[in-house]
Structure formats: structure tokens, C-alpha cells
Amino acid sequence: MLEIKNLSKKYEGGPLALDDVSFNIPQGEFLAVIGLSGSGKSTLLRCINRLIEPTAGDIVWNDINVTAASDDELRTVRRKIGMVFQHFNLVSRSSVLTNVLSGRLGYTNPAMSFFNKFSQEDVDNAYKELERVGIAEKAHQRADELSGGQQQRVGIARAMMQNPAIILADEPVASLDPVLAHSIMQHLEKINKEHNVTVLCSLHFLDLVHQYADRAIALNDGKLMFDGPPNEIDDAKFKEIYGKDAERVG
Amino acid sequence: MNNKKSFKKSLGLGLSIAIGIFIFAYAFQVTDVDFGTTRDEVRQTSLTRVLRALAHPDLVEYETSELNVEIPFYLPCPEGETPSLPDNASNEPYITATAACAGPGEMLTVEGFNFPAYVQGPLNFITSSGVKKQLEKFQADADGYFIYEIEVPKRQPVAEAQAIRATVRTNIGGPMWSKNAIATWDKIIETIFIALLATTIGTLIAIPTSFIAARNLMVDNTSPLTSVAFSVIGWLIGIWIGSQTTQWLLTLFEPIADNLALNLAGTFVSFAILYAVLRWSIGTDEDEKASLAKRVTSTIGLAVFGIAFAIFFSISFRAIGTLITEPLGSFGFFGNFIFQLGEIMVMLTPALIAIFFGAFVGSSLSKIGQRISDYMPAAQVKLINILLASIAGAALFALFGAGVEWFYQIANPVKTLYIPAGVGAALGLILAITTTAKSPLPTGLIIYTITRTILNGTRSVEPLVMAIIAVIWVGIGPFAGSLALALHTVAALAKLYSEQVESISAGPIEAVQATGANQLQTIVYAVVPQIIPPYISFTMYRWDINVRMSTIIGFVGGGGIGFLLSQNINLLDYRAASAQMLAIAVVVASMDYISSVIREKFV
Ligand SMILES: Nc1ncnc2c1ncn2[C@@H]1O[C@H](COP(=O)(O)OP(=O)(O)OP(=O)(O)O)[C@@H](O)[C@H]1O
Ligand SMILES: [Mg+2]
């Protein structure tokens, strides 16, 4: 269970990107986060693993207060939260395998990773994860030699190496074509269903939300505008979330 | 309106031109510009002479055979009968003159016959005591004939016969490298190695420094005042303990310092234990963090055996180095290398141990401070802050006072101890009172700023100036040059490197941090892969600069070819100097080429 309580974030000299947001996510749910560009989706996801420090409010995960965690505690929390990014954020000059293995860093003794050494078990698992997303044969290629869709699969494999309880996916398909988008979403869905991993996924396309999410929350200007099953987003709600002049597409 | 504007504009332009002319006029005055001297005849002749010498680098020489042809000559003409010249009708080379005697300063025509075609050589006047005075430089024509009008020397009038002598040197055998060429070769090799050492050592130190000097890596490091104060105190205590421990250990091991076997045994035993402790502590921490007790014991175990290892190891290195120098013969330099490695370790060990202890105690206390700040009520934290910040401030400033004392030898504890400590305590107090008890301080930015300042300061001192100081410290020679260049390399490269770190993309760093990696892991996995190409490129660029610098660092005694060059310039031996300049040009150009090829490969 992940609880977000009265979360607010104000960027220095910037707007109130999150404004008193509260909601709960039971373990194993697929939650979509929607909203206009600039509404605070990325900010919300990054606050959860504290890549961004929230200004106020609490994030409680299985009775651990993430917002108050010390550096050491934060690392143990982070290693159970995988993250997938819109721009993949792979280390482009490193091999695919190394990128996937870096998902184990939270579990590895820093002295060992200094020598680029992972346990044999980790390496075997890395191959397995790559196999699962269908790019095992690319393991020794450089990450930037892969196509966008392939890179995102590496990103998912990296997150899965963490043996995560939660996956935060920030617009994981925004830079991919529709066919690839579905295949990536299916990977996330599979992880969600088979491993009971909570998935928080920000999305721009409502049809993807309808197809994959159990539940959706909507942000507008940092405020929580909607919290419920996707099929409850009717035209009135839609206009509330996206503004009066918005048109539904797709 | 429009007219007024354009008038203003032209007035401004006119003024700027006037000011520009004024500035350049003044610059001419200040820099003593005098183009008249460039046309001066005396100066032009010396310029020509030097340029011609430079065009004839002293590189090769030949074994020569010398042929002397002479006639007796009286200066002045003796009283009574006039001496006659010897008859010459043979096919051998001979010279003859219009007269066999003359008064001082009189003119005389000298002819030479049967010389080898086109030979050159000096035509000398040989005094009675055998001193040569050059009259002319002759060159024979195709028939081996020459004729010159010469002036008889004005001095050395003696009664007995003196001589006029034509000397012909012919080269026999093939060309050989001249002494100067061999010396140049030796020194140019030395130069390249100075650059190599300076670049390697400088790079090794600059890499870790550049991470501390990179804003984007440091900006997120913040900690509350309690933790900062604890950490400062911890560092100071730790460094003290560390240096005491090394002292103690070194005296403890003193008796066996010469015993290679015991030292080797010590090396192996401590290495084995080190390894065991490492295995044990790293072992299998899967999901749970290792218990605190285990971590503390393993760290202490590591420290003890690390120190023992370092001491035994460095002493063994020195001993082995001495031992193998003799038997290796002409490869004895390898023994010296090992000995010097040992020496470096002996030198570094106390410093490293002190820093290690400082880091250990500092970070442990800092964690305690963090805990206090996290869990205790704000009022108590404030009190603790006030106390600790004063102590830390006092300690830091007392240290600063000790530095001042060392430089200026004031020998007055009021000025160098009590007042600084008081000021430090007051500053700490002010800091503790003005900051909110638990608010984080930008420690990362502070360390970043200090590092940058030191680097900028060091960088602005020219390597030549550093070399002067190094020469005083370690004596004239290439070692001084290497030290000076290495220091400058650290400062320059750390800055260039850190700018590269600042420009890498943040995405991968975020992604790696999100996996729960700590700072070291983030650097190894997300930062290092991104900076390898620019780092290689900058290192090669620096290598280039170091080769250039090492060619002139000898001017101030830093070894390398500059030493030879400055010597020859001072001796006005421009032909020899020319050889060195040529060598420098060749080396710099080829290093330039090599480094650009390597750079292209990696970027
Ligand atoms: N680092 C930052 N500094 C200052 N303001 C920021 C920063 N990051 C985001 N913001 C602001 O915070 C608000 C929310 O941004 P956020 O990136 O969370 O939006 P988003 O919903 O993810 O948008 P998008 O769909 O375009 O990714 C925006 O107004 C943005 O300008
Ligand atoms: Mg976003």
C-alpha cells in the first residue's frame, strides 16, 4: 500500500507544481496518471522516490515514511521502486547488459561495483530479463545502437532487475509509435499481473488508459481533479481535466 | 531628430577611434618599439650570422685528417739581408707570398697551388709561441688555386721566423652524430618522459578532483549544521589519530625495516587477512543491510590490515628495488623504479592513513550528527549546534592560525592561536544562532567552491614559476620539472574535466540514482561512461601542452632539453642550439600529430 498524503511541491521561483494531492494505491494496482502537459505528472512520480524533494506532505509506503527517510533508508526504499522514463535514460555508451545490471546497484556492495563486478546470479537474471522483453541478442551492443522501442525495453528490464514492488513509469510510450507503444504497455501489464507489481504510469492517450489501467487519477495545475476507474471519465470530466476547449481524439 | 542621432553616433565613433589610436601610441611607447634598430647594419650582420648558424644545426661530424702547408715568415723584416721564400715546383700543395717578410699592418698577397679542388680552410698566422691568428678563410678553385690579399698582423713583432699556414681538413669516412646531437637525443628523451610522468600523475589526481569540482554532482549534498560540525571535528580528530597511529606503527616496525623476508611475510599475511575481512564483510548482504556491529568491526579490521599491508609492502618494495639493481646490470633502472615506487608509497602512506582515519571518524560522527538532527527536538539540536559549531569553528581557525605561524613565525600564541580560535568560535556561534536548527546547509556547494578556488589559484601560477620552487625543493633536474608540470596539470585538467562532468546529461544519473545506487556507484555507472571520450581528449591535449612546456622548463633548471638549449644560447653556440630547436620542433610536431590521431579515435 502506497499512501500519498497532502503532497505539495513548489519549485524554487516556479509554480506550485503539486497542490495538496492525496490518494492511496493498494499493492498490485495499475494506476494511470493523466493531465495536460505541465500539470505535474512527472513531479508527482519523481516525488514518490524522492528524485525531487517534496515541499510538504508525506509519502508512506508499507508503513515506511519515505519523505522522512535518511539517505541509507532512502536507498533501501528506492531499490524496491523501479522507474521507467520517457527518454529511456540509458547510459548510452555502456552495453545493454551493463545498463540492465545497474538495476542491481542498490543491492550490490559499493566496493564491488567499483570494479564493475556483479554476482553470477545477477548476470544470469539480467539475461533472463532481456529475454523476457525479447532483446537477449542485443545484450552486448551499446545502448545507443538500439531503436527507441528496444531502448525502452532495456529500461523495463533494468527496472525489473530491482525486483520491484512498485514501478513508476513517466510517459513510457510518449516517444514511440503506436504499435511499439502497445507492446511496451503490454510488458508493463504483464509485470503488473504476473508479479503483482504496483504500476504508476503517466499517459497522454486516453485509449491506452482505458485499455490498461485499473484506475486513473487526473491532475490539472497540480490539483487532483479525478480519481476513479477510467470508464468514469465522461465528456464532462474530460473537459474538467483537459479544459473547456479540448477535443477528444482517438 | 534623425540628424541629431547620427551626429551623436559619428561623434562616438570618432572618439573611439581617437582613443584607440591613443592606446596604441602608448603601447608603442611602453614596449620600446623602435623599428630603426631593425635596419641598423651591425645588428643586421649579427642577425644574419645567427640565422645562418641556426640553419646549420650541429648534428653530424666527420673524422678529419689535417693537412698543413706553411711558409716561414718574418715580422718585421730582419736587419740586413732579406729572407727568401722556399722554392716550390712540386705537385704537392704549397703556398707562396709576395714577400717572406713584412712590417706590421702591411698588405701581402698569398697564393696557394695544387690544393684539392674547392677545399676550404683557415689561412693562419702562426706566432713564434705557436698561437694561431686567422688571417683569412680561403677556398680553392677547381684547379686547387687560391689568391688572397691579407694584412700582416700589427702585433707580435719578434726576431725569429714565424709562419703563414694554410690548413686543409678533409673528412674521412662517413658522417657520425656529433657530440651535440647525442646530448640532444639524451635530453629530448628526458623531455618526453618528463611530459609523460607529469601527464600520468596529474591525470590520476585530476580525475577524482574533478568530481568534487563539478557543480551538478555536488549541489545535492546538503547536511544539517549538527552533522557538519560533527564531521569537521571528526575529521580533525581522525587525522590526528591516523598520523599518531602511523608514527607508532613505523617505530614498531623499524627494527625489521631492513629484513626483506620478514617484510615480505608481513605483506602476505596482512594481504591474506585483508582479503578474508573483505570477503567476510562483503559476503552476502542481500536484502538487509549489514548490521552496524559487523560494519564497524570490518571497517576497523580493514583499516588495521590495510595499514600493515601498506607499510610492509612499501618497505619490501624498497628492499627489493635495492636488491635487484646490481644483478640487473644495464637494466638496473628497473630496480630503481621499484625502489622509487616503494619510496612513493612510504611517502604517501602516512598521508593516506591520516586521510582515511579522518574520513572514517568524520563520516561516523557526521552520521551521529544526522541522527541527532533527525530525531531530537529542535531546541536541543539548537543547543548542540551552538556548542559544536563553536568548537569546530575554533578548531578550524586555530589550524589556520598554525598555518600563518608556520609562514610568518610570529611566535606569539595570542595572535596565532587565541585570537583565531576566538574568531572561529564566534563565527561558529553566529552560524549556529542564525540558521534554523535542522535546516540543511549546502555543504556540497561549499566544498565545490573551495576546490574550484584552490584549482583556479594553482592554475594561475605558471609552471615555470612552480619549477623554480620545485628546483629549490628537490634540486636541479628532470624530477623538479616533472613535479612542477604535474601540479599544474592537476589544476588545469581538474577544471577542464569538471566542466565536462557539468555538461553530461542528467537523465542517466537520475535513472541510476532511482535504482538505489549510492553516490560512488552513480559516478561509476552513470557519470564515468559519459565522460570517457572528453577525458581522453583533454588528457591528450594536456600531454601536448606538457611536451611543449617540458622543452622550456629546463630554462629554470627543471631538466629536459631546455637546459641544454639555454646553455648553448648563453655560450653563443647557435649551431648547437639550432640542433636542440630542431629536435623540439620535431618532437612537438609529432606529438601533436599522434595526439590528434588518438583523439579522433576516441571522440
Ligand atoms: N526543475 C523545475 N524547476 C522549475 N519548475 C519546474 C521544474 N520541473 C517542472 N517544473 C514546472 O512544474 C510544473 C509541472 O511540471 P511537470 O514536469 O511535473 O509536468 P508534466 O505533467 O509532467 O508535463 P509533461 O506532460 O509535459 O511531461 C510545470 O509548470 C513546470 O514548468
Ligand atoms: Mg512529464
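A: A residue is called buried under 20% relative accessible area, exposed over 50%, and partly exposed in between, using a 1.4 Å probe and protein chains only. The model here is predicted: local features need pLDDT of at least 70, side-chain atom pairs count only at pLDDT 80 or more, and totals for chains, interfaces and linings use all residues. Residues are numbered from 1 along each chain as its sequence is written, chains are lettered from A and ligands numbered from 1 in the order in which they are written, and side-chain values use heavy atoms, with hydrogens and water left out.

Q: Is B:Ser373 buried or exposed?

A: B:Ser373 counts as buried because its relative accessibility is 3%. This serine belongs to helix 9 of chain B; helices (H or I, at least four residues) and strands (E, at least two) are DSSP runs, numbered from the N terminus.

Q: Which residues does B:Ser373 touch, not counting those up to four places away in sequence?

A: Contact means heavy atoms within 4.5 Å. On that criterion, and with residues up to four places away in sequence set aside, B:Ser373 touches B:Pro224, B:Thr226, B:Val381 and B:Lys438. B:Lys438 lies 65 residues from B:Ser373 along the chain, yet 5.9 Å separate their C-alpha atoms.

Q: Where is A:Glu29 found, and what does A:Glu29 contact beyond its neighbours within four places in sequence?

A: A:Glu29 sits in the loop that joins strand 2 (16–25) to strand 3 (30–35) of chain A. A relative accessible area of 13% is why A:Glu29 is classed as buried. Apart from neighbours within four places in sequence, A:Glu29 is in contact with A:Asn192, A:Val197, A:Thr198, A:Val199, A:Asp214 and A:Arg215. For A:Gln150, 121 residues away along the chain, the C-alpha separation from A:Glu29 is 26 Å.

Q: What does the radius of gyration say about chain A?

A: The radius is taken over C-alpha atoms, and the globule rule is 2.2 Å times the number of residues to the power 0.38. For the 250 residues of chain A, a compact globule would have a value near 18 Å, and the chain's own 18 Å agrees. Its C-alpha trace spans about 55 × 40 × 35 Å along the principal axes. Chain A contains nine helices and ten strands, and 55% of its residues are buried. Of its contacts with a separation of 6 or more, 67% involve residues 24 or more positions apart.

Q: How many helices and strands does chain B have, and what does its radius of gyration say?

A: Chain B has 18 helices and nine strands. Its radius of gyration, 38 Å, is well over the 25 Å that the globule rule gives for 603 residues, so chain B is more spread out than a compact globule. The C-alpha trace spans about 125 × 95 × 60 Å along its principal axes. Buried residues account for 37% of chain B. Among its contacts between residues at least 6 apart in sequence, 75% join residues at least 24 apart.

Q: Which domains is chain B divided into?

A: Domain bounds come from an automatic or database domain assignment. Here they are domain 1 (2–33), domain 2 (63–177) and domain 3 (180–221 + 455–603). Over C-alpha atoms, the centres of domain 1 and domain 3 of chain B are 42 Å apart.

Q: Which residues line the second largest cavity?

A: A:Val91, A:Ser94, A:Thr98, A:Asn99, A:Ser102, B:Val512 and B:Tyr525 do, around about 40 Å³ of space.

Methods. On a 1 Å grid over the protein atoms alone, a cavity is a set of points where a 1.4 Å probe fits but cannot get out, and a pocket is an open set with protein on both sides within 12 Å along at least five of seven lines; lining residues have an atom within 4 Å of a point. Grid points are joined across faces, edges and corners, and a volume is the space filled by probe spheres set on the points.
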